[in-house]
Amino acid sequence: MPRPLLACLLTLALCASLAAAAEVTTYRTPPKVVADILTAPRVPRGAPNVSPDGARMLIADPPTLIPIATLAEPVEKLAGLEILSQLRASRGQLKAASTGFTIVTVASGAKLRARLPQGARVGPSVWSNAGTRIATTVYAPGGAELWIVDAATGAARRLDGVHLNTVIPSTPEWSNDDRTLWCRTVPADAAALGAAGRIPAGPQVRVGAGHPTPQRTARDVLRNADDQARLVAYATSQITKVTVDGGALQPVGAAAMILSWEIAPDESRLIVERLAEPVPLGFPIPLFPRTVELWGADGTRAATLGEVPLNDRSAVSSVAPLGPREAMWAPDGRAIWFFSWQDTPGADPLKAIKDTTLAQPGTDRLMRLDPPFTGEAKVALASDEQFEAAFWTAGGRRLVLREGYQPRRRTRSIWIAPDLPQPTRHTLTDRSTEGVYDDPGAPLFKREGHQMASARSWTGWTSPPAGPRACSRATPRTWSRWWCCSRPTASPSSRCASRTARRRTISCARPASRRAGRSATSPIPRRRSPPRSGSSSSSRGRTRSC
């Protein structure tokens, strides 16, 4: 090849490579018709956020595609949390944040858009007791902002000087008179942290427990003293009362790693659950030791309800965590109720898992603590299974308990009359956790002051009012159906006593085809509209007896 031609070809190749290097690499996007499908507004799922008076409800705008800016936020992974230090929030909260919400009037169907800032990343929203205003969390640098939305006009305003700490998730709570909000805020003396230390100050020494402690695999656990200090700094928050119509912030008690609080019905006291220091290495935050305390309304520590040790046996399903758990107030504020597990001396928890004919290696107890809340709690009820949840019925006349024993795959629901000195257990359901068609569903809840109670005295389980009514069945990871309940029986237990009783008292509206869209196997629960009274089976699916 002639030398001039070779030189010319080399020059052209060099120019082409330089031009390609000069091009800026960008993300390739699909055609507009495809992009419009991917970014189209999603259909809202889950139960709507209904006002206490039932006149309005919120319909949030669920996120479509998670923007890359959210995934690119600087994150610190500590004790199982993905902390966004600049926002005092977690990455999961931003992924689930909505872009706003619509206020719908139930009677007329009129829709009103909440006038929040453009591009806002909206977190939990909670109705005032009167149903006229909504407190909304908007994630922002320095801590989440608190906005108040007028339910009648959609007008929104920010409460100045409020920066919420949502590293440990929480929701603002209205006072009984709707004048203030109880929140967890970033402490006023919180200092910005520098870069995480990478060079250890010395060798890392770990001491074994001295006995077998099987553990589930946990990621992003604390590994050194620097991790411990950074988690304490991020998780520390201040309980604060914020005046909605303006005024100085009112701190309640000292700043601490607050996990949760339960305000008394008259707001004279509150139960506070906080993490204990030092935080342990090698465990996720749900297993950390904690202290359950009783505070006055001004934050003074009145009593310690109990200490919860490190839960180093969470992988052993035959036992429950030690210490008080699920503490809550009685509806009249005259007692504190909580669960407390007691080990059976000499019992082997691991052997009880392998041989399910053995007795449970301990006793779970429902405890009651009466005023002045400084003495010893009394055992109100004992169980041969593990208590999982408790809630009050409307009016506080009954306490419904859910208990179960995982090694035997059993679950049971009962109710008691809490005002009796020795309450008798009344069984509502007793079934296998692997059952599907005999699942009675979950009750509907309604907030009454600072507590959640079932929407009716016996929603979904006991005698409904005369005529058909709609009640929900929504269980996690299953296809949600709606049941239409009619022809009530006299007692609550007879509703679930036998298949014959269920066949006589309940009729179920089911879809004509269960294979449509393969919804039954979807990992995300979907909700159908409740059947209307008098609707035909052709439009609402075929109706048949349970």
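## A walk along the salt bridges

Let's start at Ala218, which sits in the loop between strand E13 (180-185) and helix H5 (225-235). Helices (H or I, at least four residues) and strands (E, at least two) are DSSP runs, numbered from the N terminus. This is a predicted model, where local features need pLDDT of at least 70 and side-chain atom pairs count only at pLDDT 80 or more, while totals for chains, interfaces and linings use all residues. Residues are numbered from 1 along each chain as its sequence is written, and side-chain values use heavy atoms, with hydrogens and water left out.

Back to Ala218: with a relative accessible area of 30%, this residue is partly exposed. On this scale, buried means under 20% relative accessible area, exposed means over 50%, and partly exposed is in between (1.4 Å probe, protein chains only). Now look across to Gly282: Ala218 and Gly282 are 64 residues apart in sequence, and their C-alpha atoms are 8.2 Å apart in space.

On to the charged side chains. Side chains of opposite charge can pair when their charged atoms come close. The structure holds 24 salt bridges, a salt bridge being a side-chain nitrogen of Lys or Arg within 4 Å of a carboxyl oxygen of Asp or Glu.

Take Asp245 and Arg133, a salt bridge whose closest N and O atoms are 3.3 Å apart. Asp245 belongs to the loop between strand E14 (237-243) and strand E15 (250-256), and Arg133 to strand E9 (residues 133-138), so the pair ties together parts that are 112 residues apart in sequence. Asp245 itself is exposed, at a relative accessible area of 60%.

Next come Arg313 and Asp343, also joined by a salt bridge, with 3.1 Å between the closest N and O atoms. This pair links distant parts of the chain, 30 residues apart: Arg313 is in the loop between strand E19 (301-308) and strand E20 (325-329), and Asp343 is in strand E21 (residues 336-343). Arg313 counts as buried at 18% relative accessibility, whereas Asp343 is partly exposed at 34%.

Finally, find Glu385 and Arg412, whose side chains meet in a salt bridge (3.8 Å, N to O). Glu385 lies in the loop between strand E23 (378-383) and strand E24 (386-392), while Arg412 is in strand E26 (residues 410-416), so parts 27 residues apart in sequence are tied together by the pair. Glu385 is buried, with 7% relative accessibility, and Arg412 is buried too, at 12%. These two also belong to a network of salt bridges that links Asp384, Glu385, Glu403, Arg412 and Arg425.
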